[in-house]
Amino acid sequence: MPCYRCGTRQVDPDRGESPWRRGVRGDRQVLICPDCQVAADWTTELDRCQACGSIHLVRRLGEVECRDCGTVGQPAEASVSDGRSTDQAASDLADEVERALAKVLGPSRQRPPYAMS
Ligand SMILES: [Zn+2]
Ligand SMILES: [Zn+2]
């Protein structure tokens with residue numbers, strides 16, 4: 001797998017740990033070469049653990065595991081450019097839940113008499 005930024009192919013060192021770093025970006029496992037690690041602020045481009053914010057993520061079948069805290073799940077994507085739509089979706093969902101609750105509980109439960117003292 002080549003470096004996701006410059007396309008350089010990974011070369012394994014004769015000994016020791018590879019200087020290449022792994023990460024997850026846009027829900028995909030990526031590699032980044034030593035040159036790009038120095039040249040670019042690459043850590044801001046990678047997905048992060050939603051629990052601890054680490055970029056040490058490993059992509060597995062349909063899941064991402066954090067190597068720092070062990071959380072398994074979907075990471076927070078770094079490339080969310082339109083944060084508002086996410087907030088909007090969340091508030092729409094909250095409204096929907098509220099309406100559903102009102103339907104189940106009935107209007108009388110919404111303003112209980114004992115709350116009007
Ligand atoms: Zn590179
Ligand atoms: Zn974590």
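Throughout this report, a residue is called buried when its relative accessible area is under 20%, exposed when that value is over 50%, and partly exposed in between, with a 1.4 Å probe and protein chains only. The structure is a predicted model, in which local features need pLDDT of at least 70 and side-chain atom pairs count only at pLDDT 80 or more, while totals for chains, interfaces and linings use all residues. Residues are numbered from 1 along each chain as its sequence is written, chains are lettered from A and ligands numbered from 1 in the order in which they are written, and side-chain values use heavy atoms, with hydrogens and water left out.

## Overall architecture

The protein chain contains two helices and five strands, where helices (H or I, at least four residues) and strands (E, at least two) are DSSP runs numbered from the N terminus. Read from the N terminus on, these elements follow the order β-β-α-β-β-β-α. Of the 117 residues in the protein chain, 21% are buried. The protein chain exposes about 8,800 Å², of which carbon and sulfur atoms supply 49%; accessible areas come from the Shrake-Rupley method with a 1.4 Å probe, and for residues only the protein chains shown count as cover.

Donors are taken to be N, O and S atoms within 2.8 Å of the metal (3.2 Å for Na, K and Ca), and water is not among the atoms, so sites may look incomplete. The zinc ion (ligand 1) is coordinated through the SG atoms of Cys3, Cys6, Cys33 and Cys36, at 2.2 to 2.3 Å. Cys3 sits in the segment before β1 (21–25) and Cys33 in the loop between β2 (28–32) and α1 (34–39), so that this pair, 30 residues apart, links distant parts of the chain. Both Cys3 and Cys33 are buried. Along the chain, the donors of the zinc ion (ligand 1) have the spacing C-x2-C-x26-C-x2-C. Its four donor atoms subtend angles of 105 to 115°, which makes the arrangement tetrahedral; four donors count as tetrahedral if all angles lie between 85 and 135 degrees.

The zinc ion (ligand 2) is coordinated through the SG atoms of Cys49, Cys52, Cys66 and Cys69, at 2.2 to 2.3 Å. Angles of 107 to 115° among the four donor atoms give the zinc ion (ligand 2) a tetrahedral site, and the donors follow the spacing C-x2-C-x13-C-x2-C along the chain.

## Salt bridges

Side chains of opposite charge can pair when their charged atoms come close. With a salt bridge taken as a side-chain nitrogen of Lys or Arg within 4 Å of a carboxyl oxygen of Asp or Glu, the structure holds three salt bridges, which are listed here.

| Salt bridge | N to O distance |
|---|---|
| Arg5 and Glu45 | 2.7 Å |
| Asp27 and Arg59 | 3.6 Å |
| Glu65 and Arg60 | 2.7 Å |

In the pair of Arg5 and Glu45, Arg5 lies in the segment before β1 and Glu45 in the loop between α1 and β3 (57–60), so the pair ties together parts that are 40 residues apart in sequence. Arg5 is partly exposed at 37% relative accessibility, and Glu45 is partly exposed at 28%. In the pair of Asp27 and Arg59, Asp27 belongs to the loop between β1 and β2 and Arg59 to strand β3, so parts that are 32 residues apart in sequence are tied together. Asp27 is partly exposed at 26%, and Arg59 at 25%. For the remaining pair, Glu65 is partly exposed at 23%, and Arg60 at 45%.

## A buried strand residue and a surface patch

Val24 is located in strand β1 and is buried, with 0% relative accessibility. Leaving aside residues up to four places away in sequence, Val24 touches Gln29, Val30, Leu46, Asp47, Leu57, Val58, Arg59 and Val64. The C-alpha atoms of Val24 and Arg59 are separated by 6.5 Å, although these residues are 35 residues apart along the chain.

On the surface, Leu93, Val97, Leu101, Val104 and Leu105 form a nonpolar patch with about 480 Å² of accessible area together. Patches are made of residues with over 30% relative accessible area and no salt bridge, with like charges joined within 9 Å and nonpolar side chains (Val, Leu, Ile, Met, Phe, Trp, Tyr) within 5 Å. Leu105 belongs to helix α2 (residues 83–105) and is partly exposed, with a relative accessible area of 43%.

Key: Tetrahedral: all angles 85-135°; square planar, octahedral: opposite > 155°, others 65-115°. Contact = heavy atoms within 4.5 Å.
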